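Keep the viewer open while you read.

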Amino acid sequence: MGNKEEYGFFAMLDRMQYIERWSLMRNSRTENIKEHSFDVAVIAHCLTLLHNKFESGKTGAVLPDPYRVQAYALYHDCTEILTGDMPTPIKYRNKEITQAYKEVESEAAASLVELLPDDQAMREIYLNLLSPDMNTEEDELIHKLVKAADKISAYIKCLREESSGNAEFSAAKDSIGKIIREMHLPEVDYFMEHFVPSYGYTLDRITGREG
């Protein structure tokens, strides 16, 4: 048999579990970007279902494929394998830093796809997931939904920390909550009202066995 080709792309993605979030804050439980990405993908999928339900039948409504949104959400932080998780206050401190970080993310995405087979079509698909071009109205909506899911996931993290008695995340919860409210997206408001509160419940209460 001839020599087999080996590719490290997915082995690199697996290393997301070693990149911790909230590194500047005291955590009662650490969170890595691999588990965070799963949470964002799950939430983004639901937000898209809700959006499509609320907008269905409206003239000119944009109704994204929930699974496409889920895919973008799942890959939204993969470049942090190479860049690390830069704290939000630093990343968005000014336009120059924000633009420079975006360029670094773009370079990281290009480096990751080089770990795939030398198949241009395949590489383009993954490059678009890692560093998407948001040019159309649908693309912009997908970006909003993934961003909203990302913020909701962060808000839930703050709730969990508070429920464990850690006041370190109280200010972050308030600021993130404000950002979420100011999005003025019905699907986001619905998720926050109907799904988020149960994250603070006991197992028995979640399953309806309490009392």
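At roughly what angle do the axes of helix 3 and helix 8 cross, and within how many Å do they come?

## Helix 3 against helix 8

The axes of helix 3 (residues 66–75) and helix 8 cross at roughly 55° and come within 10 Å. Before going on, a word on provenance: this is a predicted model, where local features need pLDDT of at least 70, side-chain atom pairs count only at pLDDT 80 or more, and totals for chains, interfaces and linings use all residues. Residues are numbered from 1 along each chain as its sequence is written, and side-chain values use heavy atoms, with hydrogens and water left out.

Helices here are DSSP runs of H or I with at least four residues, strands are E runs of at least two, and both are numbered from the N terminus. Axes are lines fitted to C-alpha atoms, for helices over the stretch in contact, and angles run from 0 to 180 degrees between N-to-C directions. On the angle scale, under 35 degrees is roughly parallel, over 145 roughly antiparallel, 65 to 115 roughly perpendicular, and the rest oblique. Helix 3 and helix 8 are therefore oblique to each other. On the helix 3 side, the contact (heavy atoms within 4.5 Å) is made by Arg 68, Val 69, Tyr 72 and Ala 73, and helix 8 brings Glu 138, Asp 139, Ile 142, Leu 145 and Val 146. By class, the residues of this contact between helix 3 and helix 8 are 6 nonpolar, no polar and 3 charged. The classes work like this: Ala, Val, Leu, Ile, Met, Phe, Trp, Tyr, Cys and Pro are nonpolar, Asp, Glu, Lys and Arg are charged, and the others, Gly among them, are polar.

## Two antiparallel pairs

Helix 8 (residues 137–163) also packs with helix 9 (residues 170–181): their axes come within 9 Å and cross at roughly 150°. The pair is therefore roughly antiparallel, and helix 8 passes helix 9 in a left-handed crossing. From helix 8, Lys 151, Ile 152, Ala 154, Tyr 155, Cys 158, Leu 159 and Glu 162 meet Ser 170, Ala 172, Lys 173, Ile 176, Gly 177, Ile 179 and Ile 180 of helix 9. That contact of helix 8 with helix 9 holds 9 nonpolar, 2 polar and 3 charged residues.

Next up are helix 6 (residues 95–113) and helix 7 (residues 120–130), whose axes come within 9 Å and cross at roughly 150°. Helix 6 and helix 7 are therefore roughly antiparallel, but their crossing is right-handed. Ala 109, Ala 110, Leu 112 and Val 113 in helix 6 meet Arg 123, Tyr 126, Leu 127 and Leu 130 in helix 7. The contact of helix 6 with helix 7 splits into 7 nonpolar, no polar and 1 charged.

Back in helix 8, have a look at Ser 153. Is Ser 153 buried or exposed? Ser 153 counts as buried because its relative accessibility is 4% (buried is under 20% relative accessible area, exposed over 50%, partly exposed in between, with a 1.4 Å probe and protein chains only). The side chains of Ser 153 and His 36 are joined by a polar contact of 3.1 Å. Here a polar contact is a pair of N or O atoms within 3.5 Å; within protein, one must be able to donate a hydrogen and the other to accept it, and residues adjacent in sequence count only if both atoms are side-chain atoms. Leaving aside neighbours within four places in sequence, Ser 153 is in contact with His 36, Asp 39, Val 40 and Ile 43.

Asn 166 sits in the loop between helix 8 and helix 9 and is buried at 3% relative accessibility. Its side chain makes a polar contact of 2.9 Å with the side chain of Glu 161, and the Asn 166 side chain also reaches the backbone nitrogen of Glu 168 at 3.0 Å.

## Positive phi in the loops

Most residues other than glycine have a negative phi. Trp 22, not a glycine, has a positive phi of about 55°. Trp 22 is in the loop between helix 1 (9–14) and helix 2, buried with a relative accessible area of 15%. His 184 also has a positive phi of about 55° without being a glycine; His 184 lies in the loop between helix 9 and helix 10 (186–194) and is exposed at 63% relative accessibility.

Methods:
A crossing is left-handed if the near helix is turned anticlockwise from the far one by less than a right angle, and right-handed if clockwise.
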